[in-house]
Amino acid sequence: MAQVCRTLLTLDAPNVRNLKEGINFTKSPDGQCFIIYKHQDTIKACRNQCKHQGGRFIKDIEDMDGRTVRCTKHYWKLNVATMQYVNPPDSFLQDELEVMQSEDGGLKLLELDPQDPWNTDPRPAQELQSGEITLTYITHACMELKAGGKSMMFDPWLTGPAFARGWWLLHEPPKGAMEKLCQADLIYISHMHSDHLSFPTLQLLSEKRPDIPIYVGDTSRPVFWYLNRSGVNLTNINVVPFGVWQNVDEHLRFMILMDGVHPEMDTCLIVEYKGHMILNTVDCTRPNNGHLPRNVDVMMSDFAGGASGFPMTFQKGKYTESWKAAYIKAERKKLLNYKAQLVDSLQPKVYCPFAGYFIEAHPADRYIKDINIKNSPAELNALIKERCPDIITWTPLPGSTLDLAKALTHHKDAITEPPSGTQVFKDRWDFDVYVDELSAAISSEIFEHKSWIQFYYNWAGFQDYNLVIRMIETDDDFQPLDGGYDYLVDFLDLSFPSTRPQRDHAYLEIQNRVGVMRHVVLNGLLWDDLYIGFNNRISRDPDIYHHRFWKHFQSELPLSAPDWDSFLRKFSAPRSTETHLILWHFRSVTSYFRLKLHSLLRRVFRYFW
């Protein structure tokens with residue numbers, strides 16, 4: 001049976017506002033009982049059912065801080081602020097429900113069903129021989145798993161940038177990495193973000209082996225939604241249901257699980273070979289809604305942080321350099337402690353931090369590179385060792401290999417490092433190849449007509465929301481562009497005023513690199529290339545996050561591109577093919593070199609003055 005995400009309880013905005021600080025007992029229309037704990041802006045929830053023998057909880061009369069409930073059967077006590085049982089101590093953690101809050105102030109309580117699907121058809125662990133299961137780190141989130149006679153690759157990003165031009169590989173892929181990818185028996189791709197779904201990498205793969213089996217989860221936004229427009233020819237994409245074992249051979253199987261926070265796009269993975277489990281949580285914020293197998297043989301997860309435009313790309317108001325630095329430092333520490341706590345709670349035999357090895361390498365992003373300090377994998381592993389000395393930690397380098405059989409027996413050669421002299425860090429990235437490809441969109445004919453703005457946002461389909469945005473096209477250094485567009489969009493009625501409306505409204509001002517913005521518009525891409533790729537600068541009034549707006553433009557835009565052909569047919573008779581090509585080439589060259597010259601002059605000016 002496929003795993004699904006079920007809504008257990010829905011509260012409208014008035015009922016949410018009526019929740020008191022502390023503990024709230026409530027029932028669903030079908031009689032299910034829940035506990036909702038509220039503390040300021042934080043809301044947690046669980047079923048009103050004791051893990052011991054299923055008793056109901058009531059208010060604990062001895063509770064002085066409004067956090068503890070008591071079971072009516074055997075007087076077990078639960079702290080609902082932490083979801084830990086405090087009597088008896090060190091016993092259970094209560095299963096927490098996912099709380100999804102809506103823009104209108106309502107909320108839903110969600111639960112994955114079943115919670116632990118890996119227990120379906122359990123298999124006992126068999127003895128392994130040396131070399132029978134190996135993991136080889138390639139780059140970023142890409143690992144090669146060999147199990148028996150099969151080879152499986154995770155999230156191959158071996159070349160090119162991610163998020164338009166914002167992320168570049170930190171590590172140099174080991175020699176032969178592309179050949180390993182082409183020879184793999186199957187590939188798992190966790191989600192659609194371009195540091196995991198790398199079309200430059202898949203383009204090279206498709207030229208050699210277009211029919212390689214690729215597996216993805218059945219997310220509501222398909223992982224390969226852009227495939228047919230990408231120019232990449234892959235013919236064996238397999239979309240599989242969540243929480244169902246996929247058998248590769250008699251010993252090897254895998255299961256894809258959804259993320260509790262972003263079930264529309266994020267997934268994680270369990271691979272099992274002869275009863276030995278490997279857990280790869282990738283980028284999931286709350287993998288499988290927090291329900292994960294304990295004591296797996298290997299656990300891998302992200303660790304670095306810094307994978308967002310916030311707060312680095314924000315400006316004005318409180319967003320001073322000192323505020324950003326303090327915030328980033330605090331968030332790094334919180335992430336480090338959370339990952340260490342998660343590893344401590346799951347007690348894997350081996351832990352490996354990965355999926356965080358990227359760098360803002362382009363010279364125009366030097367500011368982001370300097371301020372966006374990330375966690376060190378060695379620092380996280382040291383923290384885990386301090387808490388859990390029996391867990392083997394692995395800080396991978398490109399080409400290093402873990403032999404699981406040796407690791408389980410604590411053999412000194414369980415980890416093989418790459419040969420001496422191997423290049424670990426990249427020192428060149430071919431920036432111009434990829435930036436020029438983005439910049440080609442600048443001269444597209446659609447941008448000759450200002451009505452492209454209305455056509456695009458009508459296609460995007462976001463409205464009935466009291467938000468006004470100002471979009472400003474800029475050069476690489478976020479300076480307004482001569483001849484660039486500067487316009488307002490009012491999403492309350494999807495109008496395009498010349499000045500801000502007089503009514504009270506939320507306001508965003510977004511400066512976008514013209515090449516990236518026009519590439520996104522022209523191809524109907526998600527705005528992750530702008531926001532996560534550090535390709536814009538944002539100010540907002542008031543200083544609040546507009547979840548509905550960003551979710552729409554980052555994950556809910558139409559699957560089909562804007563019909564720019566029909567848009568252009570509204571205008572003058574089409575030029576001859578020869579004339580069109582000449583004009584297109586002229587516009588492309590002049591626009592590109594004007595941008596290059598403007599950016600170069602600014603850098604020269606800053607250097608000398």
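Predicted model: local features only at pLDDT ≥ 70, side-chain atom pairs only at ≥ 80, totals over all residues.
1. Cysteine 182 is buried, at a relative accessible area of 11%; buried means under 20% relative accessible area, exposed over 50%, and partly exposed in between, with a 1.4 Å probe and protein chains only. Cysteine 182 is in no disulfide. The nearest cysteine sulfur belongs to cysteine 142, 12 Å away. A disulfide here is a pair of cysteine sulfur atoms within 2.5 Å. The count by this rule is 0 disulfides.

2. Residues are numbered from 1 along each chain as its sequence is written, and side-chain values use heavy atoms, with hydrogens and water left out.

3. Cysteine 284 is also worth a look. Its sulfur is 4.3 Å from the closest cysteine sulfur, in cysteine 268, and that is too far for a bond. Cysteine 284 counts as buried, at 3% relative accessibility.

4. Next, helix α10. Helices (H or I, at least four residues) and strands (E, at least two) are DSSP runs, numbered from the N terminus. Just after α10, glycine 461 takes a positive phi of about 75°.

5. An open sheet of 8 strands has the order β17-β16-β15-β13-β12-β11-β26-β27, with mixed pairing. Its edges are β17 (237-240) and β27 (415-416); each has a single partner strand, so one side of each lacks a neighbour in the sheet. Two strands pair if DSSP finds at least two bridges between them. Within the sheet, β11 (residues 133-139) and β12 (residues 142-147) run antiparallel, joined by 6 bridges. Threonine 134 has lysine 146 in β12 as its bridge partner.

6. Strand β22 has parallel pairings. β21 and β22 pair in the parallel sense over 3 bridges, with isoleucine 278 partnered by valine 298 in β22. β22 also runs parallel to β23 (residues 350-353), joined by 4 bridges. There, methionine 299 stands opposite tyrosine 351. Val298 and Met300 point one way from β22, Met299 and Ser301 the other way, and all are buried.

7. Asparagine 289 lies in the loop between β21 (276-280) and β22 (298-301). Asparagine 289 counts as buried, at 3% relative accessibility. Leaving out residues up to four places away in sequence, asparagine 289 touches Glu96, Leu97, Glu98, Leu110, Glu111, Leu112, Met258 and Gly260.

8. The second largest pocket holds about 740 Å³ of space. Of its 27 lining residues, the closest to the centre are Phe199, Tyr226, His519, Leu525 and Asp529. A pocket is an open set of points on a 1 Å grid over the protein atoms alone, where a 1.4 Å probe fits, with protein on both sides within 12 Å along at least five of seven lines; lining residues have an atom within 4 Å of a point. The largest share of the lining, 3 residues, comes from α9. By class, the lining has 16 nonpolar, 7 polar and 4 charged residues; Ala, Val, Leu, Ile, Met, Phe, Trp, Tyr, Cys and Pro count as nonpolar, Asp, Glu, Lys and Arg as charged, and the others, Gly among them, as polar.

How values were computed
Points joined across faces, edges and corners; volume = space filled by probe spheres on them. Contact = heavy atoms within 4.5 Å.
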